[in-house]
Structures are given as C-alpha cells and as structure tokens.
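Here are my notes for your first read of this model. Keep the structure open and check each point as you go.

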Amino acid sequence: MELALWTYEGPPHIGAMRVVTAMRGAHYVIHAPQGDTYADLLFTMIERRGSRPPVSYTTFQARDLGGDTAELFRVAAREAYERFRPDILFVGASCTAELIQDDPGGLGRALSLPVPVVPLEFSAYQHKENKGASETLYKAIRACVDPTAKRRVAGGRPSCNVLGPTSLGFRHRDDVTEVLRLLHELGIEVNVVAPLGARVADLVRIPDASFNVVLYPEVADTAARWLHKTLGQPYTSAIPIGVRGTQELVREVATLAGVDPAPGLDGERSNLPWYSRSVDSTYLTGKRVFVYGDATHAIAAARVATEELGFKLVGLGTYSRERAREVREAAARHNVEALVTDDHLEVEARIAALHPELVLGTQMERHIAKRLGLPCAVISAPVHVQDFPARYSPQMGYEGANVIFDSWVHPLMMGLEEHLLAMFRSDFEFADGAAPSHLGALRPEASREAEPSLVPVVQAPAVPAPVTASPRPSGPPPWTPEAEKELKKVPFFVRGKARRNTEMFAQERGLSAITLEALYDAKAHFSA
C-alpha cells in the first residue's frame with residue numbers, strides 16, 4: 001500500500017455506487033466509519049446530479065468498535081428498506097470497514113427482506129473502482145435474470161441490450177443517446193439499457209434481446225460474458241469512438257441483427273474526415289501526442305489520433321491493470337512502449353521525457369500538461385466538474401467524433417495563437433502603449449518617443465572589469481539576454497525541449513555561456 005496525493009480509481013465500493021446510483025429503484029447500504037461517507041460530494045458536486053445518491057451508511061465511530069458493530073449494520077439496513085422501499089438492496093462494506101469483518105452480505109440476507117439482497121464483497125486492497133462496478137453489474141444481473149429463461153421475440157424485430165453506462169462515467173449519458181440513435185436508424189429495437197436508468201423489471205427482461213452492445217468493457221465485459229455463456233447472447237467488441245470505430249459498430253450490430261448497415265454508413269455523418277483532408281489540417285499532421293486513460297478510451301483515442309487526424313503517437317498508457325494486455329497489444333501496433341501504472345508521478349516523468357506536443361488524458365494529465373506548458377484534452381475518467389457539461393457532448397458515434405475533433409484540435413490551435421502573441425509581444429505595434437494599427441498612426445506621445453534626439457550624446461569609454469578565475473559550475477552555462485530572447489520565439493509547447501537540448505549541447509562542448517550563435521549551432525546539431 002502507498003500513500004498518494006492522487007488516485008486514478010477509487011476503492012471498489014465507489015464503483016458499486018456508480019452502478020447503484022445509475023439504476024432506479026435500487027439502494028446501497030454501506031458499512032463504513034465516519035470519513036468514508038463522501039457519496040453526496042461525488043455525485044452532486046462533480047456529476048451535478050439533481051438528487052442525492054441512493055446510499056445509506058452505518059457511520060460507526062471509534063467508540064463503537066468495542067461494541068456490536070454488526071448490529072449497527074442490521075439496524076441501518078432495515079431502516080434503509082423501511083424508508084426508501086427499494087426494489088433491490090445492495091449491501092457491502094467500505095475498504096476501512098472490511099478490516100472488522102462483520103460480513104454485511106450475510107447480515108443482509110439474514111434480514112429476510114421481501115426484495116433481492118445482493119451482497120457486494122470486494123477485496124478492496126487488491127481491486128479498485130472499475131472492478132467494483134463490473135462485479136456490481138454482474139451480480140445485479142445474476143440476481144434478476146433467470147438462467148433458464150428463453151428469449152421471447154416481440155413483433156419479430158431484432159433487439160439488443162446496451163450494457164455499461166453508469167453514473168459518474170465520462171460522457172456516458174450522451175454516449176447512450178448517440179448510440180440509441182444509431183441503433184434506431186438501423187431498425188434495431190433497444191430492449192434494455194443497463195445499469196443507467198434500469199429497474200429490476202428491466203434487468204429481468206434482458207433475456208428478451210438477441211444480443212448485447214457493450215459500450216464500456218471495464219464495466220460490462222464480465223456481465224456480457226456470463227450472458228453469452230448462460231443465455232447464448234452474443235455481444236459486440238467494437239467501440240464506437242471516432243468515425244471508423246462507429247462504422248465498425250454499425251457493421252457488427254447489423255451482422256448480429258441481420259439488417260442492412262447502409263442507413264448507418266451513408267453520407268458524410270461527421271465533419272472530422274472532411275477537416276482531416278482539408279488544407280487547414282496540414283498544421284496538425286505529424287503532431288506528437290501522448291495518450292493515457294482507462295483502457296477503452298486510451299486505445300480508441302490512439303487509433304483516432306493516428307488514423308483519423310494524422311498525429312504521431314509517442315506514448316500510450318493506462319491505469320486499468322485488468323485490461324493491460326489490450327493496451328500493450330495496441331501499443332505494439334503503434335510501435336510505442338506501453339505504460340501500465342496508476343502512479344501519476346511515473347506518468348508525468350514519461351510525458352516530460354517524450355516531449356509530446358499534445359497530451360490526451362485524465363484530469364491529472366490536464367494538471368501535468370499545465371505544469372509542463374503543453375496543450376491537453378481530457379479523454380477519460382477520472383474527470384472533474386467541467387467534464388460533465390450541461391450541453392450535449394458525447395464521445396461516441398458520429399457526433400462524438402465532432403466533439404473529439406473540437407476538443408483535441410482547439411488546444412493546438414490556441415497554442416499556436418499564444419505562441420504568435422508571445423513572439424510579437426516586443427513588436428512596437430503590439431506594445432501595451434501602442435494605438436490600434438488600423439488607425440494609421442501612433443499616438444502623439446508614442447511618436448515623440450520615436451523621434452531621434454537632436455542633442456548629441458557623448459558616451460564614456462567602457463572600462464573592462466577585472467577577470468578572476470572561478471570554478472566551472474556543475475550545471476548548464478548561463479544564457480545571454482540575446483539567446484533568451486531568441487528562445488522565446490520557439491513555440492512554448494516545444495520550448496522546454498529546445499532549452500534542454502541547447503544546454504546539453506553547451507555542456508558537452510564546455511561553453512561558458514549560451515550565446516545566440518550557440519543556440520543556432522545546437523539547433524543545427526539536433527536537426528541533422
């Protein structure tokens with residue numbers, strides 16, 4: 001165990017809360033001490049949810065440890081049922097409460113409540129948030145679906161279930177809307193969306209569908225595999241992020257449903273391919289990009305960046321250890337080294353070493369990129385409140401491709417604008433005291449300052465300072481003002497790399513100072 005200031009995933013009971021909160025008519029009773037009761041903060045402040053999450057806590061204190069903490073849980077579970085009357089009750093413990101081993105699952109079943117009681121038993125010190133969400137959805141479906149049920153076809157239309165979207169997920173709400181629109185265009189009926197918006201009665205109807213569409217494998221893969229093994233329902237593997245990913249899903253679901261994929265493929269459905277072919281996009285071609293996030297979004301982002309936008313992938317990483325194999329395989333296809341870690345300091349060190357021109361990552365990579373002076377776009381959870389926009393902003397489908405293009409390209413274009421402003425900051429037309437150039441003349445006081453003086457100025461001869469020997473410093477030599485000024489003309493997103501290369505060049509050659517000439521020599525050396 002490590003003490004960290006940042007974590008990419010919470011403990012597994014947070015993943016369980018995401019699934020339960022997404023459902024309707026569900027409630028989650030957590031055996032937890034004071035301090036572990038932060039659900040309202042996550043879902044009301046960050047996700048900006050309009051109602052409190054359906055979660056209750058035992059909230060035991062240190063003085064309770066000498067008594068019967070199991071009785072505290074029994075009372076909390078019974079009161080939660082009496083108050084909220086859920087259709088299904090989930091029970092479990094926070095990572096701290098696991099240590100006292102009160103067995104909330106057994107205690108919940110012993111209450112003999114008239115609704116399904118689903119025990120959530122996690123190994124909180126081995127697994128994390130996405131694993132908790134995956135296990136919760138799997139157990140909820142197993143508790144509600146009859147394994148002997150046979151598919152009932154209503155009206156003969158092909159139908160599917162959409163699995164994976166949860167509360168607190170990165171753009172899950174809008175992704176579902178976009179995917180449902182695609183399925184409707186293909187004439188495929190959507191039987192159930194789970195867990196987002198699903199009730200127990202909906203989970204019971206899951207066997208009625210012909211197949212399952214898995215949007216987020218981190219959450220839905222385990223449940224989809226069980227449904228395939230138990231009910232014979234096939235499930236999709238294509239992730240509809242980017243234009244090509246969306247087209248792959250259209251073809252896959254059309255094959256499973258036995259329908260014509262043409263309605264989902266006809267015409268220019270997104271502006272991304274057109275802009276990538278346009279003259280303006282030549283500025284973006286070959287931009288070095290580093291990608292990091294959960295496995296699903298990271299792999300998809302790497303593909304969109306290289307195949308649809310013409311970027312050059314220099315790094316690919318994930319914190320999803322359960323899906324590390326897929327990320328390593330994707331990295332091998334792109335000829336880069338995969339980074340599988342949940343240590344943000346390792347991620348920052350890799351970004352600093354690779355010198356990318358754009359970072360695609362999580363909320364933490366946004367902070368890292370800001371410290372390093374790099375453009376960044378968020379592509380994956382964990383995210384903060386600004387990535388739960390009130391507007392429609394999917395990541396999946398054709399409209400999601402448009403959103404991705406705007407989100408990724410705008411930081412680069414604004415970076416170019418900032419670089420131009422910085423480069424011309426010392427120009428007389430851009431000086432703070434200069435009048436707007438379209439007025440045709442400077443202000444009178446500025447003009448007077450620009451007039452040459454008629455009074456001759458006599459300068460005293462310079463007296464050279466005495467030279468004293470001093471030991472050579474261990475660090476890089478100092479920069480002359482002229483060299484520093486010239487360095488500022490280098491775009492800020494590669495300026496750090498230019499500085500480091502020039503200092504290394506000067507040290508290797510034993511230069512006492514980095515002059516304008518040394519800067520040009522270093523540029524020629526590293527450009528050869």
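1. Is Asn 212 buried or exposed? The model is predicted, so read every value below as computed from that prediction. Asn 212 has 0% relative accessibility. Buried means under 20%, so Asn 212 counts as buried.

2. Now look around Asn 212. This residue sits in strand S7, which covers residues 211-214. Its side chain makes a polar contact of 2.8 Å with the side chain of Asn 161. Leaving aside residues up to four places away in sequence, Asn 212 touches Asn 161, Leu 163, Leu 227, Gln 233, Pro 234, Tyr 235 and Thr 236.

3. Next, the charged pairs. Side chains of opposite charge can pair when their charged atoms come close. How many salt bridges does the structure hold? The count is 25. The points below take up some of them.

4. Start with Glu 129 and Arg 18. They form a salt bridge, with 3.0 Å between the closest N and O atoms. This pair links distant parts of the chain: Glu 129 belongs to helix H5 (residues 129-144), Arg 18 to helix H1 (residues 12-22), and 111 residues separate them. Glu 129 and Arg 18 are both buried.

5. Stay in helix H5 for another pair. Lys 131 forms a salt bridge with Glu 135, and the closest N and O atoms are 3.7 Å apart. Both residues lie in helix H5, 4 residues apart, which is about one turn of the helix. Glu 135 has a relative accessible area of 18%, so it is buried.

6. Which residue does Arg 171 meet in a salt bridge? The partner is Asp 387, at 3.3 Å from N to O. This pair also links distant parts of the chain, 216 residues apart. Arg 171 is in the loop between strand S5 (159-163) and helix H6 (172-185). Asp 387 is in the loop between strand S12 (376-378) and helix H15 (397-423).

7. Arg 171 counts as buried because its relative accessibility is 9%. Asp 387 counts as buried because its value is 7%.

8. Last, a group to find on screen. Which residues are linked in a network of salt bridges? Arg 244, Glu 248, Arg 303 and Glu 307 are linked in this way.

Note on methods: Residues are numbered from 1 along each chain as its sequence is written. This is a predicted model: local features need pLDDT of at least 70, side-chain atom pairs count only at pLDDT 80 or more; totals for chains, interfaces and linings use all residues. Side-chain values use heavy atoms; hydrogens and water are left out. Helices (H or I, at least four residues) and strands (E, at least two) are DSSP runs, numbered from the N terminus. Buried means under 20% relative accessible area, exposed over 50%, partly exposed in between (1.4 Å probe, protein chains only). A polar contact is a pair of N or O atoms within 3.5 Å; within protein, one must be able to donate a hydrogen and the other to accept it, and residues adjacent in sequence count only if both atoms are side-chain atoms. Contact means heavy atoms within 4.5 Å. A salt bridge is a side-chain nitrogen of Lys or Arg within 4 Å of a carboxyl oxygen of Asp or Glu.
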